[in-house]
Amino acid sequence: MDFLLKQIADYKTEIDTLEVASADNLEAYRIRFLGTKGIVKNMMGEMKNVPVDKKKEFGQILNDFKQFAEGKYELWKESMSGNGVAAGPSIDLTLPGDQLPIGSRHPISLMKNQIISIYQRLGFSVAEGPEIEDDFHNFTALNLPEHHPARDMQDTFYIQQNPDWLLRTHTSNIQIREMEKGQLPLRIICPGRVYRNETISARSHCFFHQVEGLYIDENVSFADLKQTLYYFVQEMYGKDVKVRFRPSYFPFTEPSAEMDISCQICGGKGCSICKKTGWLEILGCGMIHPNVLTNCGIDPDKYTGFAFGMGIERPALLKYGINDIRLFSENDVRFLRQFVAAT
Ligand code: PHE
């Protein structure tokens, strides 16, 4: 009988050190210990060899062992229910999982999408075009022939291998490409990245983003331009915003204007952001120059149109209270993470 007791103790130690990590392991365990020809059954069979006066004591020990072996089986089975992999009895499967960090949209994208959605409500559709552009689409077609002094207004990056190629200085190249398709009327907005050789500082960068717009049809007037832009700023900045148009010059529009809105920081009283004027310049605009229409194969006697162009960085700086334009392109996650909840 001592031999049998020693065997039971050994089996217990074996069970305690077992690692049951899969459904297969568990089944092997069941067959070995609890099956019809398993160890527990075998031990029961030994009962007949135990002296009568020890039967009761041995029966007790055997029963404990059986319960121990069955208990372990149930425990393992429960811990792997569902996924077939043992999670181990110490793991609480009801606990919520680890939170994975969610990415966020870039503030420039947020601003761009907001601008786009306002113009889409007016029936404009989005058009895109190449960032590496030829001279014709970036300048010549826009009434800026070679040696035109206004080319100096936009410090251009040229491609060294071929000076006819450049990084576009505005998204007006998209407008030319769309006009060339000859499908009128045309009502598009053109978002995108543009490049100018400017010294990088808190206020300016060598690349930035624009949204330009274009509307060509019969009888389009300056009043349509004003009303479209007025709708835009009201949607963007609220009904109380004031606007003013100042005469300006762009080679591709005639007449040309710049539009200011009442300063959103001081409400028009004058502060450091608006340089004490109470106004913030937000875009350039005008009626498309007849030469531009002609360059794109559109008859200027039949069609008229307006165009406007605005940067995205400056309104984003204002909206999110950011004081350095360089933050937009440094990809510092501490900065970018702040826009997770923004829309
Ligand atoms: N293309 C001009 C710029 O980049 C903006 C503009 C677009 C002005 C359309 C007038 C009309 O500065």
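Predicted model: local features only at pLDDT ≥ 70, side-chain atom pairs only at ≥ 80, totals over all residues.

Reply: Strands β4 (residues 186–195) and β5 run antiparallel and are joined by 10 bridges. Strands here are DSSP runs of E with at least two residues, helices are runs of H or I with at least four, and both are numbered from the N terminus. Two strands count as paired if DSSP finds at least two bridges between them.

Residues are numbered from 1 along each chain as its sequence is written, and side-chain values use heavy atoms, leaving out hydrogens and water.

β5 also pairs with strand β9 (residues 304–311), again in the antiparallel sense, over eight bridges. Here Gln-210 is bridged to Gly-311 of β9, and Glu-212 stands opposite Gly-309 in β9.

These pairings belong to an open, mixed sheet of seven strands, in the order β1-β4-β5-β9-β8-β7-β6. Its edge strands, β1 (125–126) and β6 (243–250), each pair on one side only.

Helix α10 (residues 313–320) lies across β5, β8 (279–288) and β9, and runs at about 50° to β9. Axes are lines fitted to C-alpha atoms, for helices over the stretch in contact, with angles from 0 to 180 degrees between N-to-C directions; contact means heavy atoms within 4.5 Å.

Nine of the 11 residues of β5 (residues 207–217) are buried, so the strand is largely enclosed by the rest of the structure. Buried means under 20% relative accessible area, exposed over 50%, and partly exposed in between, with a 1.4 Å probe and protein chains only.
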